[in-house]
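The following exercises concern the fold and selected residues of a protein model. Each task is followed by a solution in steps.

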Amino acid sequence: MIRPSLGRARCYAFQVAILDWLTSPEVARLDGAAFIGAVGEHLGELGVPAWRISSSFSSIHPEVAFYNVRWEAGGVAVLGLRSQSIVTSPFYTDSPVARVYQDRIAELRRRLTGPEAQLDFPICRELAELGATDYLVQHLRIGGGRRGYISYATREPGGFPDSALELLRELLAPLSLAVEVRCLEFTMQSLLQVYLGGSASERVLSGAVTRGSGVPIEAAIWYCDLRGFTTLSDRQPAAQVVAILDRYFEVVAGPIDGHGGEILKFIGDAVLAIFPVTTDRGEACRRALAAARAALDGIRALDEPIEMGLALHVGEVLFGNIGARERLDFTAIGAAVNEVCRVEPLCKQLNRSLLLTGAFAQACPDPDFVSLGPHQLRGVASPQEIFAPRS
């Protein structure tokens, strides 16, 4: 158990001990959520009566403003995402965390019971109703202009002892460093996932970064393109065109992701995606077809004068790195990719929104498919039979 006061010698001993603990192999390999949970349990072993710990750090993400981890004694730490809209909401603006950032103070403490109680923030009133007696918010010292905090609440009668507060203050510097490391790791993972996709980002993080390297995989392949986009671009202001594109990509990306696909790249107003074969070709093709139908339904529901041509194929692709020495692209290449890109322009010629190759139709037989006959694809030696849904 901790003593009434750490004292200079004990402070130094504690710093050394906590650094040893933070850098121990079993703690160093914990992710953000598990790490905060371990901190809570370790503080309990040191005699700090923390009932709840909450920690957040700012993100570099188009949709997420903060990553938050919350732990309660006896439970498991849980990771939550705070959207960009939170920074203007009363939940954030009327909070101790906002005050800490705004006033650039190291910490803010609020007694929650007794004559010294200060329930001037909604979170203080909420914690008091849950039986908390004391609340401490500390500004984590994270570099690079990033923002982070950690808060502690206790149900201990009388609140945190002075010795516990002293220990938490001594913990702040090494804890900030440990959180910053996990913050950087999490940021790198989330950014790679946003820009590369789930599977590609995992491969890059696992070390698949050599130019020309790749693995052959089987996949259903999706290629879609907007029709009349050039005319639309000429008639609309640039900002409006971007807004329309964002809505179009959202309608397309949702079904792809929801059916186990992965967008490889946006090429202007076109989208290249794959649905990796996990059990058999038919299963991957069925997922791709379901996503295609959902996306086309979404396009029709948009309040925009746009149409989309979409082609589906299945085959082997090389999934890996290609590009220049200083600028690589992690994508899929191969004859099957070339072929699906050649099929999509036939949508306009045949007045169809969705076309399927013979290989796709064979892997995913459906009585609703009709043959549109053989067609010569640019750069492909033999004519290819093309199919489409009956209606």
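A residue is called buried under 20% relative accessible area, exposed over 50%, and partly exposed in between (1.4 Å probe, protein chains only). The model is predicted: local features need pLDDT of at least 70, side-chain atom pairs count only at pLDDT 80 or more, and totals for chains, interfaces and linings use all residues. Residues are numbered from 1 along each chain as its sequence is written, and side-chain values use heavy atoms, with hydrogens and water left out.

**Exercise 1.** Determine whether Asn-321 is buried or exposed, and list its contacts outside the local sequence.

Step 1. Asn-321 has a relative accessibility of 8% and therefore counts as buried.
Step 2. Asn-321 belongs to strand 10 (residues 307-324); helices (H or I, at least four residues) and strands (E, at least two) are DSSP runs, numbered from the N terminus.
Step 3. Contact means heavy atoms within 4.5 Å. Once neighbours within four places in sequence are set aside, the contacts of Asn-321 are Ala-208, Val-209, Thr-210, Arg-211, Gly-212, Ser-213, Leu-328, Asp-329 and Phe-330.

**Exercise 2.** Characterise the backbone and exposure of Arg-104 and Asn-351.

Step 1. Most residues other than glycine have a negative phi.
Step 2. Arg-104, although not a glycine, has a positive phi of about 55 degrees. Arg-104 sits in the loop between helix 5 and strand 4 and is exposed, at 78% relative accessibility.
Step 3. Asn-351, not a glycine either, also shows a positive phi of about 55 degrees. Asn-351 is found in the loop between helix 13 (346-350) and strand 12 (354-357), and its relative accessible area of 65% makes it exposed.
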